[in-house]
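Biologist: Please bring up the model, and let us go through it together.

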Amino acid sequence: MSVLVVGGSGFLGSELVRQATAAGHVTAATFATRPDSVPDAIRHDLDLRKPQRVESVVADLAPCAIINATSHAADWAVTAEGPVRLALAAARHGCRLVHVSSDAVFSGASVHYDESQLPDPVTPYGAAKAAAETGVRLVYPDAVVARTSLIIGDRDSVHVRAVHDLTSGGWAGVLFTDDVRCPVHVSDLAAALLELAFSHASGVRHLAGADPVSRYELGVLIAHRDGLDVSRLRAGRRSESGIPGGLDIRLDCRATQRELVTPLRGAREFLVEGTNTPSNR
């Protein structure tokens with residue numbers, strides 16, 4: 001089987017490439033600024049803002065499956081429009097498509113969100129991700145839209161790096177006690193995405209961890225795992241910060257989990273000290 005990982009040099013993309021090559025899949029990976037370092041993967045530069053380049057890469061490779069793991073903040077041309085260009089090319093060439101989305105498409109007003117609930121974003125990034133979801137599903141109904149949450153692993157994870165920076169004095173920020181998400185381990189997420197890519201699934205799927213935790217609790221768990229000084233972590237409240245975005249957003253993954261072999265572990269499980277090291281992510 002062959003797979004194309006779009007955004008293959010990113011944190012999630014690199015893990016997807018690693019797992020796909022380890023499983024024996026013929027693997028290609030795209031990058032915008034730098035290639036990944038995983039051996040045995042074919043690398044291609046790709047700018048999702050350029051329709052002809054998107055069409056060329058997909059047509060030349062003709063992979064069995066494409067996983068779009070790109071992340072480019074609120075850049076509308078890349079985050080909202082790029083996935084639709086990719087979906088059009090995937091549909092034209094008969095490739096399976098899994099598009100990775102985010103819990104940022106929700107406002108937090110409902111707290112608990114299953115796959116049937118419609119996006120109601122409150123940030124530019126959330127709006128771009130929601131637009132991508134709508135466009136992908138419109139042009140390619142057989143595609144999978146996989147919403148996830150905070151992605152955790154080693155220090156390549158922005159959330160883990162922030163905790164290290166806080167405890168070392170490299171960052172003077174705070175971790176919010178009222179900002180709740182369902183973090184997922186990068187290896188679990190990558191394995192689940194590959195499962196979906198080589199299945200007959202379509203439509204929206206939720207891929208997040210089993211435990212809802214605040215960003216402060218997540219920081220404490222990371223600090224304990226990595227042997228950091230927890231007392232250096234400063235707590236605050238997002239509701240008092242003026243930073244926009246949903247507060248408590250919990251993806252209900254039970255329906256999707258029943259379809260998968262891969263367990264979507266909670267942060268209180270995968271961040272237990274001694275069970276997860278940077279070497280195995």
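Biologist: Is Ala62 buried, exposed or partly exposed?

Modeller: Ala62 counts as partly exposed, because its relative accessibility is 46%. The term buried means under 20% relative accessible area, exposed means over 50%, and partly exposed lies in between, with a 1.4 Å probe and protein chains only. Please note that this is a predicted model, in which local features need pLDDT of at least 70 and side-chain atom pairs count only at pLDDT 80 or more, while totals for chains, interfaces and linings use all residues. Residues are numbered from 1 along each chain as its sequence is written, and side-chain values use heavy atoms, without hydrogens and water.

Biologist: Where is Ala62 found?

Modeller: Ala62 sits in the loop between helix H2 (51–61) and strand E4. Helices (H or I, at least four residues) and strands (E, at least two) are DSSP runs, numbered from the N terminus. The phi of Ala62 is near 45°, which is a positive value in a residue other than glycine.

Biologist: And what about Ala73, what is its phi?

Modeller: The phi of Ala73 is positive, about 50°, although Ala73 is not a glycine. Ala73 lies in the loop between E4 and H3. With 49% relative accessibility, Ala73 counts as partly exposed.

Biologist: A new topic, then: how many residues of strand E1 are buried?

Modeller: In E1 (residues 2–6), 5 of the 5 residues are buried, so this strand is largely enclosed by the rest of the structure.

Biologist: Which way do the residues of E1 point?

Modeller: Ser2, Leu4 and Val6 point one way, whereas Val3 and Val5 point the other way. In a regular strand, side chains alternate between the two faces of the sheet.

Biologist: Which strands pair with E1?

Modeller: One of them is E2 (residues 26–31), which runs parallel to E1 and is joined to it by 4 bridges. Two strands pair if DSSP finds at least two bridges between them. Ser2 has Val26 of E2 as its bridge partner. From E1 the chain crosses through helix H1 (residues 11–22) to E2, and this β-α-β crossover is right-handed. Right-handed means that, with the strands pointing away from the viewer, the path from the first strand over the helix to the second runs clockwise. E1 also pairs in the parallel sense with E4 (residues 65–68), over 4 bridges, and there Val5 has Ile67 as its bridge partner.

Biologist: How many residues of E2 are buried?

Modeller: E2 is mostly covered, with 5 of its 6 residues buried. E2 pairs in the parallel sense with strand E3 (residues 42–45) over 4 bridges, and Phe31 has Asp45 of E3 as its bridge partner.

Biologist: Which residues line the largest cavity?

Modeller: Among them are Asn68, His72, His99, Tyr125 and Lys129. Helix H3 (76–92) and helix H4 (124–139) are the elements that give two or more residues to this lining, and H3 provides the largest share, 3 residues.

Biologist: Finally, how many helices and strands are there in the protein?

Modeller: The protein has 9 helices and 15 strands. Of its 281 residues, 54% count as buried. The C-alpha trace spans about 55 × 40 × 35 Å along the principal axes of the protein.

Definitions and conventions:
1 Å grid on protein atoms, 1.4 Å probe; cavity = no way out; pocket = protein on both sides within 12 Å on 5 of 7 lines; lining within 4 Å.
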